[in-house]
Amino acid sequence: WAATARPSQGGGSRRPRRPAEVVIFGGATYEGGFNDVLSFDVRAEQWTRHNSVGASSSPRHLHGACRVENNMFIFGGSSEIGLLNDLWQFTLDTARGRK
C-alpha cells in the first residue's frame, strides 16, 4: 500500500454500507461438502442457520455467490462429483431454494 492524497470534499462518491448481516453458503472439509446457509448478525454477534424448505443446492465449495436484496445467488463451484455449472437462488426470509 502507498499513501495517497486525502479525498476532496466533492460529492457523488459512494462507500459500501457496512452490512448488518453477512450471509455465507457451503464450504467443505476433508470429510465432504456443505450446503448450509448461515447468516451472521453483526450488531448482535449471533449466527442463524437457514434450514432450506423444498429444493436445495447440492453441497459445494469454491463457488460464486452474491446477495441481491433478500436473495442469495449461488453459481457453480466444485463438489465430490466434480465441477458444477448451475445457478441456485435462495430466498432468505422464506428459506426457499430453486434452481
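Helices (H or I, at least four residues) and strands (E, at least two) are DSSP runs, numbered from the N terminus. By this definition the protein chain has 0 helices and 7 strands, and its elements run β-β-β-β-β-β-β from the N terminus on. The model is predicted: local features need pLDDT of at least 70 and side-chain atom pairs count only at pLDDT 80 or more, while totals for chains, interfaces and linings use all residues. Residues are numbered from 1 along each chain as its sequence is written, and side-chain values use heavy atoms, with hydrogens and water left out.

Of the 99 residues of the protein chain, 27% count as buried; buried means under 20% relative accessible area, exposed over 50%, and partly exposed in between (1.4 Å probe, protein chains only).

Ser39 lies in strand S2 (residues 32-41). Ser39 counts as buried because its relative accessible area is 2%. Its side chain joins that of His50 in a polar contact of 2.8 Å, a polar contact being a pair of N or O atoms within 3.5 Å; within protein, one must be able to donate a hydrogen and the other to accept it, and residues adjacent in sequence count only if both atoms are side-chain atoms. Leaving aside residues up to four places away in sequence, Ser39 touches Glu21, Val22, Val23, Gln46, Trp47, Thr48 and His50, where contact means heavy atoms within 4.5 Å.

One of these neighbours, Val22, belongs to strand S1 (residues 21-29). Val22 is classed as partly exposed because its relative accessible area is 38%.
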